[in-house]
Amino acid sequence: MARTDDAPAEAGREPDGAPLAVECRGITRRYAGVIANDHVDFKVREGEIHALVGENGAGKSTLMKMVYGMEQPDEGEILVRGKPEKIDSPRKAIALRIGMVHQHFMLVDAFTVAENVVLGAEPANGGRLDLDEANREVAELARGFGTNLDPAARVETLAVGQQQRVEILKLLYRRADILILDEPTAVLVPQEVEELFQAMRSLSQQGKTIIFIAHSLEEVLAVADRITVLRDGKVIGTVVAADTTEEEVAEMMVGRPVLLERVHGQTPSGEPMLEVEGLRVLAGAREQLAGANLTVRRSEIYGLAGIEGNGQAELVEALVGLLHPDGGSIRLGGKDVTRATVRDRRELGLCYIPEDRHARAMVLPMTLWENSVLGQQERRPFSRRGLLNPKAMRQRATDLVRAFRVKAPSIAAPAYALSGGNQQKLVLAREFASGPKLLIAAYPTRGLDIGATEFVWKQLVSARDAGLAVLLISANLEEILALADRVGVIYDGRITAELDGSQATMNELGLYMTGARSDREPAA
Amino acid sequence: MKVEERPPAPGAEPPTEAVASRVGWTERASQLGLQLLAPAISLLISAVVGALVILIVQRNVGDLADVASTMWDYGLANRSAFAFIFGRATPFIFAGIAVAIAFKAGLFNIGVEGQYAIGALTAAIVGTKLSAPTVIHLPLTILAGMAGGLAWALIPALLKVYRGAHEVISTIMMNYVANGLLLYLLSGPLKDTTQVGAIAQQRTVPVEDTARVGSMVPFFNSIGFNFRGSSPVTWLFLLALVAAAVYAFVVRRTRFGFELRVLGINPRAAEPAGIRSNAMMMKAMLLSGAVAGLAGLQDLLGFDGYMKLDYVRGYGFTAIAIALLGRNTGIGIVAGALLFSYLDRASSGIGLNTGVPKEVTIIMGGVIILTIVVAYELVRRATARRQLKEAHERA
Amino acid sequence: MPEIVGQLIGFAVIASAIRAFVPLFLATLGAVFNERSGVVNIGIDGMMIFGTWFGAWGALRYGPVAGFVIAILAGTAVALLHAIVTVTFRVDHIISGVAINILALGIPRFLSIVAFGQGTQSPAVEQLPRFSLPRLGEMSPIVPLTLVLGVAAWFVLNRTVFGLRLRSAGENPRAAESLGVRVVAMRYAGVLLSGAFAGLAGAYISIELVGQYNEGMNQGRGFIALAALILGNWTVGGAALASLLFGWTEALTVFLRVSWINNAFIQTLPYIVTLIVLALFFRRVRPPKAVGQAYEAGAPI
């Protein structure tokens, strides 16, 4: 391992003379009492691929947003190609030829590829948009980048990998030579990731500087030249990728060894709790779910892997009762619930941790004690003959907060006063308290840091060990492989494979997830 | 940036924190202060704007003093001022509750206007066509008013739930259709043909005495007020206060109210919690219409005694302001209704006693609405920011 | 020709439909701009009402051309209020719009008393010089101007840099901002244009259609324009067709006389047609993605 030393050097150069593309000096950024970046010093050499790693909340995105002008540092300065610059807007960053691909794509779905690429820097004659010129330039850029994109195609019709290409084209169109990629692999399957890395390497060979925010250490070591680790808003160090190991970087990230081990069931799985047969959901003429078959047993975690948009959302909504399927059947504990209301399914023991807890599991302006019974408000003792019992509701909230160690100022505080991890804990606690038999957890650790993630995982495992049937939907293959007893892959509205959790590998899952293989579909 | 909880240090589990189950009194008082700050700012700005308008238009400081003294002398200090304020507040409270019920479910009922007009019409039909003793006739007439309002809210509610049509546009369209219906009925089938006098009005025959509502003046005078006998306040004022209390109870202490709030604040969380949003929207809109149907009854059963063509009197629009000002709480609506009722009273005083157009109070009402929404938004942000900060400091 | 056909599509009806089309289409064009920029403007009706008053007042004092200019400025000023409340203070767009509509009930009456000596109407005002069309009769010069404005609006929205950026603010403001588009400025522009169009539409009603200001003369046309916006799927061409439909129904209220329908109901025809349009088309259309959503420049993502 070779940490670069911090001896003073000529502005814009490393001590060894290498020119710097970006240099952050003593950057500090505070949010309402939290320090997101604490005197960060960060140097990126021209033409390198520099990975920025750290846990959720370590301050990576904040630092990059300041480099891209979306936020301003409270202290410190940023030098671009050796010159101190006040980057007070993305507009300024673009002028400095800095570009950023955000984790959540920033594309206008209703616009064409060309319109998306040129927006903000349009070819024009005195205010009149020159769309032909835009199409021509974009097509040319795409070819130079080794990709075939129709500039006139609407972005909403493109696949995720192609949309990412559009994002990169946006930067190239603006002649950016410092490219910031915020977790670009999070939305891709392993095969697409390899294509992206090839593109990154070719850009780097063309002299572009790439800053790349990442989670997965394997990926980082595969593509990056150097790696900077952030923890709690501070820089822990910068290492050369060729001279380090995954374990070393992981320890720098969390300050302790990380354990991502498989946790498989102690008890054999029992009788079927959830049986789904030939489930179909139509959206207009398109089949979002095209006859999905699925069985989840007691004392089992069934992990459902897949690229988002392959029918997971529709499956979950149909299981919970939020939409009516156009065909097929759903049985819960042996009872047909295909047409049952949400309330009836909940009474039969279904509980649900939605993908977006802010939007679907909580009412943020309402108090914790009100949120603590959401979904169970019709049960005794929380209400009786239509009248609420606030005393019982408060008692329940106090119990939940204690049992799950939710950090909350008071149970009378509004839910938005809690951090994301604590909100998720409260949701878990509430759903577990409802006396469930089947738990449907959609992306339960999304947006959580490692500590909270571990907590959620432990809860899922102990639920499984207590005899619950758990359906875990996740885009995170590490999570699926760590937890699931059985793994299903959903592709294009069908379960195309079912594998034993202890046998499945990431690459194998990737093949099924992209539709390259589909030979292990479970029978109806 | 999402601020996430830090992972606990390995091996050292944090001690279980004692969790306060209630907010302390000082905290509550400061919250209440913040809540009252917004209306206070809003009232102040509207007074300033009102004064500026008078100064700009009249160019005379004397007028300003006239208006101010009239607003006090005639608006409040006058012998019967409060009777007038209570009386006018009655339809405002009903209409305000109607708007607030819809607001609570995340809906905008701009059709209160048409709903109470139709409610008054159906009440007038029952009041004129039926004959029964008061104990039967009056409640039936009032129920008929509610049924009329409910019926008029039914179409926008159905369009919303089954066709997704935005209720703001559809309820306003229903207001215009209500006007057409009134015009047709009051100039045709329901017109009182026995009227004497040179100009026959487009109105119904008088409602039976058994369906009329009595004056509340004797009661007020028996508890120490000194209202003129003809002062316009009826027992429907009491019904309005009861309605506000029931509304507040339902919203805060019933499961229906709980589910209504969940739906209104975060509709996407409602369905997963087993709340059927379509059914709730339907109920809320119909309930809103039914309560709206009460707003026209005081004019019909207390004062005029017959249904006239001019029954679309703007209560529904004022009610939106009242509900916003009162933050959809029962007591807030009553307070807001009294305030706007006072502005009305002051308005007639200004018209009688000064050279300033009395419509200056309408401007003040409008300014209150615009500033109150901005002020509440700013206060909300300030509170949210403070609470977030406190949460982080604690964490 | 049977009488009923004449009542439905006779030249007099067509001429009347064109006259009714003008304010509806102008207001709908305004709505296209504010909605495509991401702001809902329920207050368009109120802005039209201000247009009717200031148009009449301006025409009375300085002549009809000045009346139009003053009405446009008044509509824009009210729109500025809406933009400040919704874009800068990020208050719910519908609440702000409703507040503006309530202001439009009170302020013109106050102003009428001050300016005209009575609350509900103005004296007759001078109108713009007419031109004549074969069979359709006399027309206001605002009619061809409206068609020109329609074409211009289409061009600006779909073929200019400004239009592309304005639309991006209504579809995905974050993406737009990340590319250096000034979302707040675009939304202000959309709302102010909407106010200008509404003011022009209002002035046309008072100066050209009626020749004086009357309280309530706008008759909810702003809301019908919002229905036309939906029916026209947020496009300029669609807005033109939808406004023609509504203009025609408005003309029918004057010309259609059917023995078995009371005239009071024929008067409500535009509103009933609006309800039917909402019922049939609301779900089939594609509104701008971010319309009605508050947007905070530079806010954490």
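This is a predicted model: local features need pLDDT of at least 70, side-chain atom pairs count only at pLDDT 80 or more; totals for chains, interfaces and linings use all residues.

Guide: Residues 1–21 of chain B have a pLDDT that stays under 50. For that stretch the model has 50 contacts beyond four places in sequence.

Now the averages. Chain B averages a pLDDT of 85, and 90% of the residues score at least 70. Chain A averages 85, with 92% of the residues at 70 or above. For chain C the average is 90, and 97% of the residues score at least 70. For the complex, the predictor gives an ipTM of 0.87 and a pTM of 0.84.

Stay with chain B for a moment. Chain B has 15 helices and zero strands. Among its elements, helix H8 (residues 236–253) of chain B has the highest mean pLDDT, 96. Helix H15 (residues 360–394) of chain B has the lowest, 77. Of the 395 residues in chain B, 54% are buried. Take the contacts in chain B between residues at least 6 apart in sequence: 76% of them join residues at least 24 apart.

Chain B also meets chain C. Here 38 residues of chain C are in contact with 37 residues of chain B. H5 of chain C supplies the largest share, 14 residues. By class, this side of chain C has 27 nonpolar, eight polar and three charged residues.

One of those helices deserves a residue-level look. C:Pro270 is found in helix H13 of chain C. Is C:Pro270 buried or exposed? C:Pro270 has 26 other C-beta atoms within 10 Å, and the cut-off for buried is 20 or more, so C:Pro270 counts as buried. Leaving out residues up to four places away in sequence, C:Pro270 touches C:Ile224, C:Phe246, C:Thr249, C:Glu250 and C:Thr253. C:Pro270 and C:Ile14 are 256 residues apart in sequence, yet 16 Å apart in space, C-alpha to C-alpha.

Next, the close look: helix H5 (residues 160–173) of chain A. Check its length. At 1.5 Å a residue, its 14 residues should span 20 Å, and the end C-alpha atoms are 20 Å apart, so expectation and model agree. Now its surroundings. Ten of the 14 residues of H5 of chain A are buried, so the helix is largely enclosed by the rest of the structure. The buried set includes A:Val166, A:Ile168, A:Leu169, A:Leu171 and A:Leu172. A:Arg165, A:Glu167 and A:Lys170 are also among the buried residues. In general, an α-helix has 3.6 residues a turn, so residues three or four places apart point the same way. What covers the buried residues of H5 of chain A? The cover includes strand S6 (98–101), helix H3 (113–118), helix H4 (131–144) and strand S9 (178–182) of chain A. Just after the helix, A:Arg175 takes a positive phi of about 60°.

Another positive phi sits in a hairpin of chain A. Strands S11 (residues 226–231) and S12 (residues 234–240) of chain A pair in the antiparallel sense over six bridges. A:Ile227 has A:Val239 as its bridge partner in S12 of chain A. Two residues lie between the strands, and A:Asp232 takes a positive phi near 50°.

Chain A also holds an open sheet. Six strands form it in the order S18-S21-S22-S15-S23-S24, with mixed pairing. The edge strands are S18 (350–353) and S24 (494–500) of chain A, each pairing on one side only. The twist averages 20° from one strand to the next. Inside the sheet, S21 (residues 438–442) and S22 (residues 469–473) of chain A run parallel, joined by five bridges. A:Ile440 stands opposite A:Leu471 in S22 of chain A.

Two helices meet this sheet. Helix H14 (residues 420–432) of chain A packs on it and touches S18 and S21 of chain A. The direction of H14 makes about 175° with that of S18 of chain A. Helix H9 (residues 312–320) of chain A lies across S15 (300–305), S18, S21, S22 and S23 (486–491) of chain A. H9 of chain A runs at about 150° to S21 of chain A.

How values were computed: Residues are numbered from 1 along each chain as its sequence is written. Chains are lettered from A and ligands numbered from 1 in the order in which they are written. Two residues are in contact if their C-beta atoms, placed from the backbone, lie within 7 Å. Helices (H or I, at least four residues) and strands (E, at least two) are DSSP runs, numbered from the N terminus. Ala, Val, Leu, Ile, Met, Phe, Trp, Tyr, Cys and Pro count as nonpolar, Asp, Glu, Lys and Arg as charged, and the others, Gly among them, as polar. Two strands pair if DSSP finds at least two bridges between them. A residue is buried if 20 or more other C-beta atoms lie within 10 Å of its own, exposed if 12 or fewer, and partly exposed in between; C-beta atoms are placed from the backbone. pLDDT is the predictor's confidence in each residue, from 0 to 100. Axes are lines fitted to C-alpha atoms, for helices over the stretch in contact, and angles run from 0 to 180 degrees between N-to-C directions. The expected span of a helix is 1.5 Å times one less than its number of residues.
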